[in-house]
Amino acid sequence: MSKSVGDVDSEFQAICISKPLAPDVEMEAHISSYPPLGQVSQLRYKSFQFFALLEISNEHAKDPWEVVAWHSSPKDGWVETSLHPIATSDSPSLLQFPSPSNTLLYFRAPFFVPSSMKFTLKFRNGSNQPWTWSRDVSGIADGVILINPEIPFEGMGTTLSDIIHGLNPELQIRAAVSQTPRTQLWTIKANVGPAGDDRSAYTDTEIGTPWGGPLRYFALVRHGSPWLGPRHGSSSFSLDKDAVMCSFLSHEGKHLVLLGVSGIANVMTLLRSSDSGSVKLHIRNDAEAESSGLVLAAVGDNFESAMAAVMYHARTVVFATENKQDQLTRELQTLSDDIKPEWYENWYDGLGYCTWNALGQRLTDEKIINAVEALAKNRINISSLIIDDNWQDIDYEGEDQYQFGWKGFEAEPSAFPYGLKDMVSRIRSKHPSIQHVAVWHALLGYWGGIAVSGDLAKTYKTVLVDRDDSNLNGPMAIIAKEDVAKFYNDFYQFLSDCGVDGVKTDVQYMIDTWVSAKLRRELTATYLDTWMVAALRHFSIKAISCMSQAPQLLFYQQLSRNRPVMLARNSDDFYPDVPDSHPWHLFANAHNALLTQHLNILPDWDMFQTDHEFAGFHAAARCLSGGPIYITDVPGKHDTDIINQMTGPTPRGKTVIFRPSVVGKTTDVYTSYDEPAILKIGSYHGRAVTGTPMLGVFNTSRQPLRELIPLSNFPGVMPTMKYVVRAHRSGLVTRAVTPGSPAATLAVSLVVRDYDIFTAFPLTQFESETNGRIYIANLGLIGKMTGAAAITTYQSELLPAGRVFFDTRLKALGVLGVYISSLRNMSIERDFMVTIQGTPIPPHTVTVNTADDRVLNVDVETAWKEMGLEAGWSNEVEVKVYFDIEYP
């Protein structure tokens, strides 16, 4: 919960989030390529195949089409290279159903690029026809190719001044040992004076110009006081807001990442741009003594390595400032040791429901109970209920929520006449599948703190603090330092007594709006530490940190590993009634995850509604995120098909989601929101090498998009392994492919608001004496967006007499997919036997997939029900498939 719809809509307009439309030209053809237009592609090898895809109407399919790449390199002017038509058998793979009125034509040419190349495309349908340039058709700018060969790394042998031109000599710069291979690391410090007269000290210090001017840059800025958001550029460095981190891509393909470290010694360090395109430090010091701001700088061959280098070192810096023997550290360790692994699964992996968008801003017990009843009536089996803002007893004095204060622990008397405990008891008794009930509250009580006339102000000592922020100003009453621990323990004990076993603690950024330097340095750590200990003591890991991306919270609260992983919101809210917010929501989350993946949190991409025009869009992104999934449907308005694609029932009847083991994040760091490019969110599930890469594709633009996407761009793909790639929405599967081969490139076409998820499954190879080489793969639960994450264990082996043994365990029931390259020549009745929990299953539950006849469907859910099976101690289902590869 954060701003009103009106505030949000105006903010989106202010930062120009509405995307530009495509050029208004008559389009009979669409062209895309790999390497792609409009983007920067970093390739390992100087020699590569350049592909182009021309989509034209059927009436022009027989025309003599020509495609030419127009390109230049640093040493040469613009020249052209003709691309030649190629047969479908030697072309990229298509896993979507093409338009029946269009024909796809593929072209290719070999290229050799020593260092870099800039290019665009032109095409025509006959030598006597005029050329059409790709930019005129799609509005997409030139593409750039940078060659980054894999060479032995012995240190760059350079100083930071070789990388940052005009480096300020007054800065304190030291080389540091990087914990990431093939990177170099430095610390940069700048002095800042002491706070005085209860006001923080500020200083702005020039750093210099990365690379003398980068090819492209990416930054995470303070999009609003509580949140981070991405910014991009391809010319002079220019930011509209202060940044926590910035990355700069050089014209030679090197990446410089700068990270401002905050939350240490009461100092905040942020990054700004100057009018000349250089980087400046903006430092705030709340301490009474002179101090320094800290920036970490790392350079490497790729963004992920350089980003990891600064984040790992930031953790080292934070760890060095912690007192390993103080009471807080000891208590955090004790509370952490008591947490059992299965608790994480119970909290993270169940489907949740949040009241915020669903029930409005004036909650009542009957509204909440009716919503839960509606879910049950529609057979939506949630395991977590989050009672969001407006259940508390608030004074409603002032102009808006930022002035409202909290009066007492008990729920609003008129809205919850029988109390919070009564309502929770009624819900738990009637709906035992709801394992967890959490409630919302602000870190400081409510948006406006504590009501000065309420019972809380009479029970606990309070202080007045002045605030200064774009959304608010003026004083607020908060609990004084000496009573914060008692306040939290009393409140959380009250909640526990009411049957509440979790909290969503919101508005945490409010501590950064305080004006007083004295209160900032005395109360910031007090509130953050006390809340963390109280939440762990009373609710274990069942806490959500929200509106907590203020810089000092990121480093002080969320970076350290001396506490359990907690859920933390990853971006601004889901706004159902602001159309332009939905593409931006996905884009911001995918880019924020580039930083938050390194924190000691599980990124939470926020709730969404399944009965919404962007429902599939949001659902696919949540499944890839690796974080929790909770819905906020208006009672009775649900899309059960979307819900079923995200979830599945366990053998014990609980509904679970399928979280990949690696959090989802963008794979295109330097592609901006206003460029007409597909947003690609990469994730991964399982162990290194043998796990399953996933790539979600989303059209966040205002025009149809087409791209050629190579398998090598999927996270975790091994260059020497063979895979099959399956599309979630069509169910189509590629043939066995090796990264780098033509068929290992996917031709992807998305209309506005369209999306899909491609999953790459590693193949196991068996040799048959009678039928040659046969490939198999475990596809997990098909029909689920990230069904590969349902796999808990898997093995296969060749038994004597040419029989293959396929054994997998699944965390939920559904339809198991098994890819067998020779399936179309086999007989289910003759060649297969399938068991669940060691018992043969009904023959009709084993079929050939209708979308691809190389996929065997095992309907585990139907078989389980018909066989009357019961869950074992592990709450998993074991499926064994035996089949004969020496079939006639």
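The largest nonpolar core has 170 residues, and Trp391, Leu420, Tyr492, Leu495, Tyr527, Trp531 and Phe698 touch the most other members. A nonpolar core here is a set of buried Ala, Val, Leu, Ile, Met, Phe, Trp, Tyr and Cys residues joined through side-chain atoms within 4.5 Å. Buried means under 20% relative accessible area, exposed over 50%, partly exposed in between (1.4 Å probe, protein chains only). Helix 12 (residues 517–539) gives this core its largest share, eleven residues. Helices (H or I, at least four residues) and strands (E, at least two) are DSSP runs, numbered from the N terminus. Another core, of 36 residues, lies apart; Leu810, Phe832, Val834 and Trp864 are among its members.

The model is predicted: local features need pLDDT of at least 70, side-chain atom pairs count only at pLDDT 80 or more, and totals for chains, interfaces and linings use all residues. Residues are numbered from 1 along each chain as its sequence is written, and side-chain values use heavy atoms, with hydrogens and water left out.

Now take tryptophan 531. Leaving aside neighbours within four places in sequence, its contacts (heavy atoms within 4.5 Å) include His441, Leu443, Tyr488, Tyr492, Val503 and Met566.

Next come the partners of helix 12. Helix 11 (residues 484–497) packs on helix 12 at about 30°, with the axes 9 Å apart. Axes are lines fitted to C-alpha atoms, for helices over the stretch in contact, and angles run from 0 to 180 degrees between N-to-C directions. Angles under 35 degrees count as roughly parallel, over 145 as roughly antiparallel, 65 to 115 as roughly perpendicular and the rest as oblique. On the helix 11 side, Tyr488, Tyr492 and Leu495 are among the contact residues; on the helix 12 side, they include Tyr527, Trp531 and Phe539.

Helix 5 (residues 327–337) also packs with helix 12, at an angle of about 25° and with axes 10 Å apart. That makes helix 5 roughly parallel to helix 12. Leu328, Glu331, Leu332 and Leu335 of helix 5 meet Asp529, Met532, Val533, Leu536 and Arg537 of helix 12.

Finally, look at glycine 445. This residue sits in the loop between strand 25 (436–442) and helix 10 (455–459). Glycine 445 counts as buried, at 0% relative accessibility. Tryptophan 406 is 39 residues away from glycine 445 in sequence, yet 6.1 Å away in space, C-alpha to C-alpha. Setting aside neighbours within four places in sequence, glycine 445 contacts Gln392, Trp406 and Ile450.
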